Amino acid sequence: MTVVTKRCTVCARFRAYEIDDRYCVVCGHEALESECACGRRYDYLRTEDDDTTLHCPRCGKVLRGRQKEYDA
C-alpha cells in the first residue's frame, strides 16, 4: 500500500490517502489533489496540523488559512 498526502480542494484538509483514493474522508467530495498547481507534492506536510496557516514553499500559494485579501 502506497500512501500519499492529498488535499481536498473543498474543505482544504490534508490527509494521508492511498494513491487511488478519490473522495475526501472529511466532507466526501471528489476533489482531492496530491500536489499544488505549481507541481510541488504535498508529501512534506504533516497531516495532523489542521489549525495552522499553510503556504506552498515553491509558489507561496495559501493552502489553508486566511487569504491575504481578508486580513484586516
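Q: Before we start, what do buried, exposed and partly exposed stand for?
A: Buried means under 20% relative accessible area, exposed means over 50%, and partly exposed is in between. Keep in mind that this is a predicted model.

Q: Why is R41 called partly exposed?
A: R41 has 34% relative accessibility.

Q: What makes R41 and D43 a salt bridge?
A: The closest N and O atoms of R41 and D43 are 3.4 Å apart. The cut-off is a side-chain nitrogen of Lys or Arg within 4 Å of a carboxyl oxygen of Asp or Glu, so the pair of R41 and D43 counts as a salt bridge. D43 has 42% relative accessibility and therefore counts as partly exposed.

Q: How many salt bridges does a search of the whole structure find?
A: The search finds 3 salt bridges. One of them joins the side chains of R7 and E33, at 3.0 Å from N to O. R7 lies in strand β1 and E33 in strand β3, so this pair ties together parts that are 26 residues apart in sequence. Another is formed by the side chains of E30 and R22, at 3.2 Å from N to O.

Q: Are R7 and R22 buried or partly exposed, and how do you know?
A: R7 has 9% relative accessibility and therefore counts as buried. R22, at 48%, counts as partly exposed, because buried requires a value under 20% and exposed one over 50%.

Q: Why are F14 and Y42 called an edge-to-face aromatic pair?
A: A search of the whole structure finds 1 aromatic pair. Its members are F14 and Y42, with 5.1 Å from centre to centre and 80° between the planes. F14 lies in strand β2 (residues 14-18) and Y42 in the loop between β3 (32-33) and β4 (54-55), so the pair ties together parts that are 28 residues apart in sequence. Both F14 and Y42 are buried.

Q: Which residues make up the largest nonpolar core?
A: It has 7 residues: F14, C36, Y42, L45, L54, C56 and L63. Setting aside neighbours within four places in sequence, L63 is in contact with several residues, including F14, C36, Y42, L54 and C56. R7 and A12 are also among the contacts of L63.

Q: What makes A12 buried?
A: A12 has 16% relative accessibility. That is under 20%, so A12 counts as buried. A12 sits in the loop between β1 and β2. The C-alpha atoms of A12 and L63 are 7.1 Å apart, although 51 residues separate them along the chain. Beyond its neighbours within four places in sequence, A12 is in contact with R7, L63 and R64.

Q: How do you know that β1 and β2 pair?
A: Strand β1 (residues 3-8) is joined to β2 by 5 bridges, and the two run antiparallel. Pairing needs at least two bridges, so β1 and β2 pass. The bridge partner of R7 in β2 is F14, while K6 stands opposite R15. The two strands form a hairpin with 5 residues between them, and A12 in the turn has a positive phi of about 65°.

Q: What makes β1 and β3 a pair too?
A: They run antiparallel and are joined by 2 bridges. The requirement is at least two, so β1 and β3 also count as paired. C8 has L32 as its bridge partner in β3.

Q: Why is β1 described as largely enclosed?
A: Of its 6 residues, 5 are buried, so β1 is largely enclosed by the rest of the structure. C8, at 0% relative accessibility, counts as buried.

How values were computed:
Residues are numbered from 1 along each chain as its sequence is written. This is a predicted model: local features need pLDDT of at least 70, side-chain atom pairs count only at pLDDT 80 or more; totals for chains, interfaces and linings use all residues. Side-chain values use heavy atoms; hydrogens and water are left out. Rings of Phe, Tyr and Trp (its six-membered ring) pair if their centres lie within 6.5 Å; planes under 30 degrees apart count as stacked, over 60 as edge-to-face and the rest as tilted. Helices (H or I, at least four residues) and strands (E, at least two) are DSSP runs, numbered from the N terminus. Buried means under 20% relative accessible area, exposed over 50%, partly exposed in between (1.4 Å probe, protein chains only). A nonpolar core is a set of buried Ala, Val, Leu, Ile, Met, Phe, Trp, Tyr and Cys residues joined through side-chain atoms within 4.5 Å. Contact means heavy atoms within 4.5 Å.
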